[in-house]
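Here is a quick briefing to read with the model open beside you. Take a look at the structure first, then work through the points below.

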Amino acid sequence: MAIALESHGGGRSGDRRSDVRRVLMVALGLNISMSLLKLLVGVTSGSLAVIADAMHSATDALSSLTGLITNNLSDPQPDRDHPYGHHKYEAVGALGIAGFILFTALEILLRSGERLLEGLPPIRVGGHELMLLVLVLGFNLLLAGYEHREGRRLNSSLLKADAQHAASDVWTTVVVLLGMAGALWLEISWLDIALAIPMALLLIRVCWKVLRRTLPWLVDHIAIAPESIHREVMAVAGVINCHDIASRGVLGQQVFIDMHMVVETNDLSTAHRITELVEERLDRVFGPVRCTIHLEPKDYVEDGITYTGTHG
């Protein structure tokens, strides 16, 4: 009979929710302030592009708020109702941010169409409005860099996604600035529309990148190639063979690995020690992992590397 041994590795990941929450609180405050500044400029100048950009910053604030909510729910420690932890709440939050990005892109396209239908009415813009937008742009750059740096340091997909959203706000603000500068100095009223449309397409691309990174996590896509796991396991002394290898999760954050393994010894204590060495090696090579290893008799050895869902 096969024996299943499980390791609750990944102690290095720790609970960093308080650090993530602190970053999101800073982002929320800055995004609300920038939204109000842009809305003020948009109303006084009559620029639909600036108002659309203010709505973009509002979605930034909403995404930060969503991040705070999901961060509170995404406890990395398992409990009775969530034996595999709560990490996927962060993925749900990242999907919500992707939705906000897509909404912003469509809103920019809609506003551009409205201005074209209105015959490109002149924009009432002056130096004070441009200076306010330059100030907002500076805050955008600082926020995007801050969230990206902290997202990498804390290994948080939520902060990385929010940083991408903040970076997209930088580009839309640049577009609005160029359009308003053209309207002020070159009297080219259609310049902001011409620049806004490709920037909206860029936002859609950002949305796709967030989805491409997050969806595999939610649908339990393979986290580590079985060949790589097999190579590391076979390097441990006492292991004869491993097969039926499966993995899911996020590499470097939390990975769950299942496998069948055959060892040299028939002594349960020695076999358990070998599995501990395997788990330590996998955790050292691939980051935080939780392993479920099924020990099998020696005559269960299989020649090839197999993985769950295949036959042989």
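Let's start with Asn155, which sits in the loop between α4 (127-154) and α5; helices here are DSSP runs of H or I with at least four residues, strands are runs of E with at least two, and both are numbered from the N terminus. What you're looking at is a predicted model, where local features need pLDDT of at least 70, side-chain atom pairs count only at pLDDT 80 or more, and totals for chains, interfaces and linings use all residues. Residues are numbered from 1 along each chain as its sequence is written, and side-chain values use heavy atoms, with hydrogens and water left out.

**Two residues with positive phi**

- Most residues other than glycine have a negative phi.
- Asn155 has a phi near 55°, a positive value in a residue other than glycine.
- (Buried means under 20% relative accessible area, exposed means over 50%, and partly exposed is in between, using a 1.4 Å probe and protein chains only.)
- Asp244 isn't a glycine, yet its phi is positive too, at about 50°.
- You'll find Asp244 in strand β2, and with 23% relative accessibility it counts as partly exposed.

**How α4 and α5 pack**

- Two packed helices are described by the angle between their axes and the distance between the axes.
- The axes of α4 and α5 come within 8 Å and cross at roughly 160°. (Axes are lines fitted to C-alpha atoms, for helices over the stretch in contact, and angles run from 0 to 180 degrees between N-to-C directions.)
- That angle is why α4 and α5 are roughly antiparallel to each other. (Under 35 degrees counts as roughly parallel, over 145 as roughly antiparallel, 65 to 115 as roughly perpendicular, and the rest as oblique.)
- The crossing of α4 past α5 is left-handed; that is, the near helix is turned anticlockwise from the far one by less than a right angle, while clockwise would be right-handed.
- Sorted by class, the contact of α4 with α5 has 20 nonpolar, five polar and seven charged residues. (Contact means heavy atoms within 4.5 Å. Ala, Val, Leu, Ile, Met, Phe, Trp, Tyr, Cys and Pro count as nonpolar, Asp, Glu, Lys and Arg as charged, and the others, Gly among them, as polar.)

**Two residues in α4**

- Glu150 is in helix α4 and is buried, with a relative accessible area of 7%.
- Which residues does Glu150 touch, not counting residues up to four places away in sequence? They are Arg22, Val23 and Leu159.
- His148 also belongs to helix α4, but at 43% relative accessibility His148 counts as partly exposed.
- His148 and Ala166 are 18 residues apart along the chain, and their C-alpha atoms are separated by 9.3 Å.

**How α1 and α5 pack**

- Helix α1 (residues 17-45) and helix α5 (residues 157-186) have axes that come within 12 Å and cross at roughly 20°.
- The two helices, α1 and α5, are therefore roughly parallel to each other, and their crossing is left-handed.
- On the α1 side, the contact is made by Val20, Val23, Leu24, Ala27, Lys38, Val41 and Ser45. On the α5 side, it is made by Leu158, Leu159, Asp162, Asp169, Thr173 and Met180.
- By class, the α1 contact with α5 has eight nonpolar, two polar and three charged residues.

**Around α7 and α8**

- In helix α7 (residues 226-234), the buried residues are Pro226, Ser228, Ile229, His230, Glu232 and Val233.
- What do the buried residues of α7 pack against? They pack against β2 (239-250), β3 (254-263) and α8 (268-286).
- Glu276 is found in helix α8 and is partly exposed, with a relative accessible area of 27%.
- C-alpha to C-alpha, Glu276 and Ile293 are 9.9 Å apart in space, and they are 17 residues apart in sequence.

**The whole chain**

- The chain has eight helices and four strands, running β-α-α-α-α-α-α-α-β-β-α-β from the N terminus on.
- Of the 312 residues in the chain, 47% are buried.
- Among contacts with a separation of 6 or more, 76% are between residues 24 or more positions apart.

**How confident is the prediction?**

- The chain's mean pLDDT is 78, and 81% of its residues reach 70 or more. (pLDDT is the predictor's confidence in each residue, from 0 to 100.)
- Over residues 7-13 pLDDT stays under 50, and the model has 18 contacts beyond four places in sequence for them.
- Where pLDDT is low, the predicted coordinates should not be read in detail.
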